[in-house]
Amino acid sequence: MNACGPPPFSAQEVPMPEQTIRSRAALGGHPLHPMMIHFPVAALVGLLASDLGYLLSGDPFWARASLWLSGIGAFGGWIASIAGMIDLFGVRRIRRLVTGWCHALLAVMMLSLASLNWLQRHLAVEHIFPWGLYLSALTALLIVLAAWLGGRLVYEHAVGVDVES
């Protein structure tokens with residue numbers, strides 16, 4: 001036993017909130033933001049992989065793939081963020097959650113970097129190295145942090161989860 005005492009619950013016993021926080025941006029009760037964010041996230045994580053592919057092979061295919069992945073990830077992420085902003089600004093109980101604001105702040109920072117990454121690639125492909133690769137890696141790191149906070153919103157605060165039925 002450590003000096004701080006035992007954990008309040010094990011991983012299998014995570015307490016579920018007693019009341020649902022409903023999403024305003026939803027279809028048939030299903031929140032839009034979690035549905036829309038998967039594809040942009042996959043594109044931006046794939047961007048890091050395609051940058052590494054270009055770095056290792058020098059094949060221009062990977063540079064073109066990176067341009068497309070950065071654009072799809074940035075623009076798709078901004079579209080998905082609209083649904084998230086509707087919930088953040090439109091639902092008082094979400095606005096009161098520090099986790100919600102931290103998630104939103106990280107997402108805006110990440111999407112700003114992704115947009116800058118796409119813009120510099122669009123203007124000139126030679127900007128992929130070293131800055132494009134750095135931006136891709138930093139974007140991937142921010143995605144991990146924002147996703148972790150998004151998971152906390154769902155699992156600890158029941159944002160968009162029907163726990164009452």
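**Figure 1. Gly100 sits in helix α5.** The model is predicted: local features need pLDDT of at least 70, side-chain atom pairs count only at pLDDT 80 or more, and totals for chains, interfaces and linings use all residues. Residues are numbered from 1 along each chain as its sequence is written, and side-chain values use heavy atoms, with hydrogens and water left out. Helices (DSSP runs of H or I, at least four residues) and strands (runs of E, at least two) are numbered from the N terminus. Gly100 has a relative accessible area of 4%, so Gly100 is buried. Buried means under 20% relative accessible area, exposed means over 50%, and partly exposed is in between, for a 1.4 Å probe and protein chains only. Gly100 touches Leu88 and Leu153, leaving out residues up to four places away in sequence. Contact, here and below, means heavy atoms within 4.5 Å. The C-alpha atoms of Gly100 and Arg152 are separated by 9.0 Å. These two residues are 52 apart along the chain.

**Figure 2. The whole chain, for orientation, holds 6 helices and 2 strands.** Along the sequence the pattern runs β-β-α-α-α-α-α-α. The chain has 165 residues, and 36% of them are buried. Take the contacts between residues at least 6 apart in sequence: 76% of them join residues at least 24 apart.

**Figure 3. Helix α5 crosses helix α6 at roughly 155°.** Two packed helices are described by the angle between their axes and the distance between the axes. The axes of α5 and α6 come within 9 Å. Axes are lines fitted to C-alpha atoms, for helices over the stretch in contact, and angles run from 0 to 180 degrees between N-to-C directions. α5 and α6 are therefore roughly antiparallel to each other. The classes are roughly parallel under 35 degrees, roughly antiparallel over 145, roughly perpendicular from 65 to 115, and oblique for the rest. The crossing of α5 and α6 is left-handed. Their contact has 17 nonpolar, 9 polar and 2 charged residues. Ala, Val, Leu, Ile, Met, Phe, Trp, Tyr, Cys and Pro count as nonpolar, Asp, Glu, Lys and Arg as charged, and the others, Gly among them, as polar. A crossing is left-handed if the near helix is turned anticlockwise from the far one by less than a right angle, and right-handed if clockwise.

**Figure 4. Helix α6 spans residues 131-155.** This helix has 25 residues. From its first C-alpha to its last, α6 reaches 36 Å, close to the 36 Å expected at 1.5 Å a residue. The expected span is 1.5 Å times one less than the number of residues. The buried residues of α6 include Leu133, Ser136, Ala140, Ile143, Leu149 and Leu153. The buried residues of this helix pack against α2 and α5, the latter covering residues 98-123.

**Figure 5. Helix α2 meets helix α6 at roughly 145°.** The axes of the pair come within 9 Å. α2 passes α6 in a left-handed crossing. From α2, the contact includes Val41, Leu44, Val45, Leu48 and Leu52. From α6, the partners include Gly132, Leu133, Ala140 and Ile143. By class, this contact has 11 nonpolar, 3 polar and 1 charged residues.

**Figure 6. Helix α2 (residues 38-57) packs on helix α3 (residues 60-90).** The angle is about 160°, and the axes lie 8 Å apart. That makes α2 roughly antiparallel to α3. The crossing of α2 and α3 is left-handed. On the α2 side, the contact includes Phe39, Pro40, Ala43, Leu44 and Tyr54. On the α3 side, it includes Trp62, Ser66, Leu69, Ile72 and Gly73. The contact of α2 with α3 has 13 nonpolar, 9 polar and 1 charged residues.

**Figure 7. Ser66 and Gly73 are two positions in helix α3.** Ser66 is at 0% relative accessibility, so Ser66 counts as buried. Setting aside neighbours within four places in sequence, Ser66 is in contact with Leu47, Ser50, Asp51 and Arg121. Gly73 is buried too, with a relative accessible area of 0%. Not counting residues up to four places away, Gly73 touches Pro40, Ala43, Leu44 and Leu111. The C-alpha atoms of Gly73 and Val45, 28 residues apart along the chain, are separated by 8.7 Å.

**Figure 8. Gly84 also lies in helix α3.** Gly84 counts as partly exposed, at 22% relative accessibility. Gly84 and Pro31 are 53 residues apart along the chain. Their C-alpha atoms are separated by 9.0 Å.
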